[in-house]
Amino acid sequence: MWSADFRTISLNYLRNPIVLGPYPSLGIQELNVNPARVIAFILGLSLSIASYLFLKYSYTGKIIRATSQDRSAALLMGINIDKVYKLTFPIGILLVGVAGCLMIPIYTVHPFVGFEFVLVMFVVVVFGGMGSIVGAMIAGILIGIIEVFSSFLIGPGSKQAIYFLVFIAVLVIRPAGLFGVKGEEELERIEAID
Amino acid sequence: MLLVLAAVALAVAPLFIKNDFYLDGFILVFVWAAFAGSWNIISGYCGMVSLGHNAFFGIGAYTSTLLLLRYGLTPWLGMLVGGGLAALVGLVLGIVCFRLRSHYFALATLAFGQVSFIVAINWRSLTGGAEGIALPIEPGLYNMASSSKLAYLYIGLALFLCVMLIFHVIERSRLGYYLTAFK
């Protein structure tokens, strides 16, 4: 198993497409949806919503948000910054790990599969605004739609170029991203006095 | 003084290397050192980390090669044209991106580098796609081609020394003080 071959898994309930019947009134003949993608979408969306609720309403979430806004003020309020970092980084890695598992039937598994997503991840996070999860959700969906439509209209080789160009355009027009705090991109970040 | 001695040592040493493999490594070392030096001017002195420098490297390379293959312009001049074109593109990118903070600037230049990479792969008529441009040129001084690797090494060394000289001049001039004050 631990070799450089491209691997995937195929399960019985994932193999048959879900057929959304013909809707002649909308002009759609027959719509086949891959159940693996449906599961990935639903689980990904619910994880995003869960992490948003965790960050917004729980006490630990408030601690994490306070630390991200102003590190030295959080130190003065008695927050243990080291513990916050030790907690936040694994939470992020957990979410990415689950996302990787959900992608197994869609993308193949090989030692370099993560590299294909690094640039998209950067683009999605900055496109949505650096500090906001809602922004990242919406930006992810937007960039997916842009990528698929541009691959249909222009060709699959150049689809990445389109969303990079959209990204640069957004950075020029509204540098904080769609949901970011306006003006945050030009302020100097207040660093802790260590 | 020490720099002059180091330059002379670097110039004389490769004459004693007989193995072509090490010569190849040295050529690459000089070329990448010049590239890294050019990256250092914006990222080391100014603190604006630019992750898209590969675009400028490619623009310079493709410009001088295409000028040689299609119009017969010697690469000694073509490299200046390529450098000028890359500087122009860098100017446009800078006008657009320089007001962003360091993280956003890094990502914007990264996106620009990726866009140039994808354009270079997909624009087959201009750049030859992913397999590149073959160079059917004969060796000679006009073509900047040579049948032995030693000439390339001295070209690489000259490039590296030029970049170091530019560094030396900038660091002591007023521009250097302006750049260092950025950080």
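Predicted model: local features only at pLDDT ≥ 70, side-chain atom pairs only at ≥ 80, totals over all residues.
**View 1. Chain A as a whole, with eight helices and two strands**. Let's start with the overall layout. The C-alpha trace of chain A covers about 60 × 40 × 40 Å along its principal axes. Of the 194 residues in chain A, 15% are buried. If you look at contacts between residues at least 6 apart in the sequence of chain A, 53% of them join residues at least 24 apart.

**View 2. Chain B as a whole, with eight helices and zero strands**. Here the pattern along the sequence reads α-α-α-α-α-α-α-α. The C-alpha trace of chain B spans about 50 × 50 × 25 Å along its principal axes. Chain B has 183 residues, and 20% of them are buried. Among the contacts in chain B with a separation of 6 or more, 62% come from residues 24 or more positions apart.

**View 3. Helices α2 and α5 of chain A, packed against each other**. Helix α2(A) runs over residues 35–57 and helix α5(A) over residues 81–102. Their axes lie 10 Å apart and meet at an angle of about 170 degrees. Angles over 145 degrees count as roughly antiparallel, and α2(A) and α5(A) are therefore roughly antiparallel to each other. On the α2(A) side, the contact is made by A:Ala40, A:Leu43, A:Gly44, A:Leu47 and A:Ser51. Facing them from α5(A) are A:Leu95, A:Val98, A:Ala99 and A:Leu102. By class, the residues of this contact divide into seven nonpolar, two polar and no charged.

**View 4. Helices α2 and α7 of chain B, packed against each other**. For this pair, take residues 20–45 for α2(B) and residues 149–172 for α7(B). The packing angle is about 25 degrees, and the axes are 9 Å apart. Angles under 35 degrees count as roughly parallel, so α2(B) and α7(B) are roughly parallel to each other. The crossing of α2(B) past α7(B) is left-handed. Contact residues of α2(B) include B:Leu23, B:Phe26, B:Ile27, B:Phe30 and B:Val31. Contact residues of α7(B) include B:Leu153, B:Leu157, B:Phe160, B:Val163 and B:Phe167. The contact has 16 nonpolar, three polar and three charged residues.

**View 5. A closer look at helix α7 of chain B and its buried residues**. Helix α7(B) has 24 residues, and its first and last C-alpha atoms are 35 Å apart, close to the 34 Å expected at 1.5 Å a residue. Which residues of α7(B) are buried? They are B:Leu153, B:Gly156, B:Leu157 and B:Phe160. As a reminder for reading that list, an α-helix has 3.6 residues a turn, so residues three or four places apart point the same way. The cover over the buried residues of α7(B) includes α1 (2–12) and α2 of chain B.

**View 6. Where chain A touches chain B**. Now for the two chains together: 17 residues of chain A are in contact with 16 residues of chain B. On the chain A side, α6 (115–128) and α8 (159–173) are the elements that give two or more residues. Of these, α8(A) gives the most, with eight residues. The chain A residues on this side divide into twelve nonpolar, three polar and two charged.

**View 7. Helix α8 of chain A and its cover from both chains**. The 15 residues of α8(A) should span 21 Å at 1.5 Å a residue, and its end C-alpha atoms are 22 Å apart, which agrees. The buried residues of α8(A) are A:Gln160, A:Ala161, A:Tyr163, A:Phe164, A:Phe167, A:Ile168 and A:Leu171. What covers them includes α6 and α7 (133–153) of chain A, together with α5 (102–122) of chain B.

**View 8. A:Val170, a residue of helix α8 in chain A**. How many other C-beta atoms lie within 10 Å of A:Val170? There are 19; a residue is buried with 20 or more, so A:Val170 is partly exposed. Leaving aside residues up to four places away in sequence, A:Val170 touches A:Phe127 and A:Gly177. A:Asp5 is 165 residues from A:Val170 in sequence, with 38 Å between their C-alpha atoms.

Conventions. Residues numbered from 1 in each chain as written. Chains lettered and ligands numbered in written order. Axes fitted to C-alpha atoms, helices over the stretch in contact; angles between N-to-C directions. Helix = DSSP H or I, 4+ residues; strand = E, 2+ residues; numbered from the N terminus. Parallel < 35°, antiparallel > 145°, perpendicular 65-115°, else oblique. Left-handed = near helix turned anticlockwise from the far one by under 90°. Contact = placed C-beta atoms within 7 Å. Nonpolar A, V, L, I, M, F, W, Y, C, P; charged D, E, K, R; others polar. Expected span 1.5 Å × (residues − 1). Buried ≥ 20, exposed ≤ 12 C-beta atoms within 10 Å, placed from the backbone.
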